[in-house]
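Subject: the structure for you to look at

Hi,

Here is the structure I said I would pass on. Have a look through it, and then read on for what I found.

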Amino acid sequence: MAELYDLIIIGSGIHGAGIAQAAAARGLSVMVLEQAGIANGSSSRSSKLIHGGLRYLESGQFSLVRECLQERALLLELAPQLVKIKSFYIPVYPDTSRRPWLLHAGLSLYALLGGMRPEVRFSRVPSSRWQNLDGLDTDNLGAVFQYSDAQTDDAALTRAVMRSAQQMGAQLKVTATFTGARLGQNGERDIIIEYRYHGVNETCAAKVLVNAAGPWVTQVLNRISPIPAQLGIELVQGTHIIVPGTITQGIYYVEAEDKRAVFVMPWQGNTLIGTTESVYHGDPADVRPLPQEEAYLLRTFARYFPKRGGDQTVLSAMAGLRVLPSCGSEEGAVSVNTRSRETLLHLDSEDHPRVLTVYGGKLTTYRLTAERAMARLAGVLPVRKVVADTRYLKLD
Ligand SMILES: Cc1cc2nc3c(=O)[nH]c(=O)nc-3n(C[C@H](O)[C@H](O)[C@H](O)COP(=O)(O)OP(=O)(O)OC[C@H]3O[C@@H](n4cnc5c(N)ncnc54)[C@H](O)[C@@H]3O)c2cc1C
């Protein structure tokens with residue numbers, strides 16, 4: 001007979017790891033199936049920020065920003081080796097679309113939503129200090145705002161959350177590709193799950209299947225029989241490049257030629273620049289940085305850091321995929337940019353859920369997402385002896 005688990009999770013990105021941690025903390029038996037390696041997908045190709053998302057204020061996503069700032073504060077306590085507060089700088093030139101009054105208003109609201117803690121305060125950098133800002137172009141510079149947010153190593157954070165889950169009994173199988181599941185009919189409650197582990201077909205059973213496959217979310221749903229109802233999504237490619245030479249003062253939040261926000265940040269002794277946003281239609285495994293995206297990021301860097309940006313070599317480039325709710329038409333970058341970044345937790349049935357699917361989401365809010373997933377499944381999972389509370393579990 002196939003081994004029975006309370007939960008089987010597909011995917012060991014930040015959401016699979018987070019849900020495994022939250023489940024194991026409740027004493028539940030849980031196994032994670034991962035086709036490639038921990039943080040193989042978007043969770044190693046993000047902008048590596050644990051942040052409130054200042055720009056989400058422009059699209060009115062206030063509750064998302066408040067939650068992100070609360071989770072940021074918690075992660076700074078739980079994972080001080082992995083999540084570090086950094087200074088962020090926003091330069092304003094005559095052609096910058098967000099004017100100083102707007103930035104002042106946005107940063108004031110950001111501080112308010114962050115509970116006015118010391119790490120959410122902001123200031124205007126005096127012009128006498130502009131020369132110290134890593135060679136930032138000071139020609140026609142009108143103002144520079146400084147505020148704080150946090151940076152992490154996304155893959156290392158994901159590994160730390162998975163380790164925490166494993167320490168509480170969660171099992172992880174890599175390389176284990178989910179190949180199919182049968183939802184029992186006629187009162188048969190357990191789900192039979194098939195996967196290929198190191199090339200061998202294996203079977204297990206679970207009360208609940210969690211689909212945390214990130215950009216592969218639809219592929220996983222289509223392998224379940226009968227296929228559960230699903231949401232329309234769009235995959236949006238985001239590319240980062242790494243150029244030689246580091247910056248020392250913090251992270252720069254600049255405006256590209258199409259008015260989108262681009263970050264320039266220190267990364268492992270070099271400089272990371274990103275990101276782009278273009279709709280992607282292919283297989284998630286095939287996503288690659290496009291030459292035009294690399295050129296766009298290099299142009300943006302050269303515009304703000306002219307002493308360094310002229311003839312930069314790209315050391316490496318990576319592309320990741322965001323899962324966004326679809327809006328039914330071919331979209332330009334601006335509307336992609338303003339679409340909701342809330343995480344959507346979708347159940348196959350509200351009365352007796354057996355499949356929970358995670359759509360989209362943010363690295364920053366993974367813990368909250370995992371706790372919400374557990375709450376949505378509480379009615380169908382057994383009550384076991386609680387082992388821990390994720391609000392207090394240190395990560396290292
Ligand atoms: C360009 C970009 C920048 C971002 N920047 C930030 C940021 O700065 N801050 C922030 O908070 N958030 C950011 N995000 C969002 C965040 O990175 C993602 O929401 C998050 O990493 C998604 O994690 P996930 O676990 O859902 O998916 P993933 O990390 O993609 O994990 C899915 C996993 O499922 C596995 N899988 C898929 N199919 C199968 C199968 N059949 N069998 C077994 N395993 C399978 C994959 O191998 C993969 O490991 C960014 C996203 C992108 C794309």
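Start with leucine 7: apart from neighbours within four places in sequence, its contacts are Ala23, Leu28, Val30, Ala206, Val208 and Val210. Contact here is a C-beta to C-beta distance within 7 Å, with the C-beta atoms placed from the backbone.

Before going further, two notes on the source. This is a predicted model, where local features need pLDDT of at least 70 and side-chain atom pairs count only at pLDDT 80 or more, while totals for chains, interfaces and linings use all residues. Numbering runs from 1 along each chain as its sequence is written.

Back to Leu7, which is among the residues with the most contacts inside the largest nonpolar core, along with Ile8, Ile9, Ala20, Val30 and Val210; that core has 70 residues. (A nonpolar core is a set of buried Ala, Val, Leu, Ile, Met, Phe, Trp, Tyr and Cys residues joined through C-beta atoms within 7 Å; buried means 20 or more other C-beta atoms within 10 Å of a residue's own, exposed means 12 or fewer, and partly exposed is in between.) Helix α1 provides the largest share of this core, eight residues. Domain 1 and domain 2 both contribute residues to the core, so it lies between them. There is also a second, separate core of 39 residues, with Val120, Val144, Ile241 and Val262 among them.

On the domains: domain 1 is 3–42 + 155–232 + 341–377 and domain 2 is 74–150 + 234–335, with bounds from an automatic or database domain assignment. Their centres, taken over C-alpha atoms, are 32 Å apart. The contact between them uses 13 residues of domain 1 and eleven residues of domain 2. On the domain 1 side, helix α4 (residues 154–167) gives the most, three residues. That side has nine nonpolar, four polar and no charged residues. (Nonpolar covers Ala, Val, Leu, Ile, Met, Phe, Trp, Tyr, Cys and Pro; charged covers Asp, Glu, Lys and Arg; the others, Gly among them, are polar.)

Now the ligand. It is surrounded by 38 residues, of which the closest are Gly11, Gly13, Gly41, Gly214 and Gly238; a residue is near if its C-beta atom, placed from the backbone, lies within 6 Å. By class, the shell has 14 nonpolar, 19 polar and five charged residues. At least two shell residues come from each of α1 (14–25), β2 (30–34), β8 (176–183) and β17 (316–325).

Leucine 321 is in strand β17, and it counts as buried, with 20 C-beta neighbours inside 10 Å. Beyond its neighbours within four places in sequence, Leu321 is in contact with Ser42, Pro215, Leu235, Val236, Gln237, Tyr280, Pro284 and Val287.

Proline 100, by comparison, is in helix α3 (residues 100–113). Pro100 is partly exposed, with 15 other C-beta atoms within 10 Å.

The C-alpha trace spans about 70 × 40 × 35 Å along its principal axes.

Cheers

Technical notes. Helices (H or I, at least four residues) and strands (E, at least two) are DSSP runs, numbered from the N terminus. Two residues are in contact if their C-beta atoms, placed from the backbone, lie within 7 Å.
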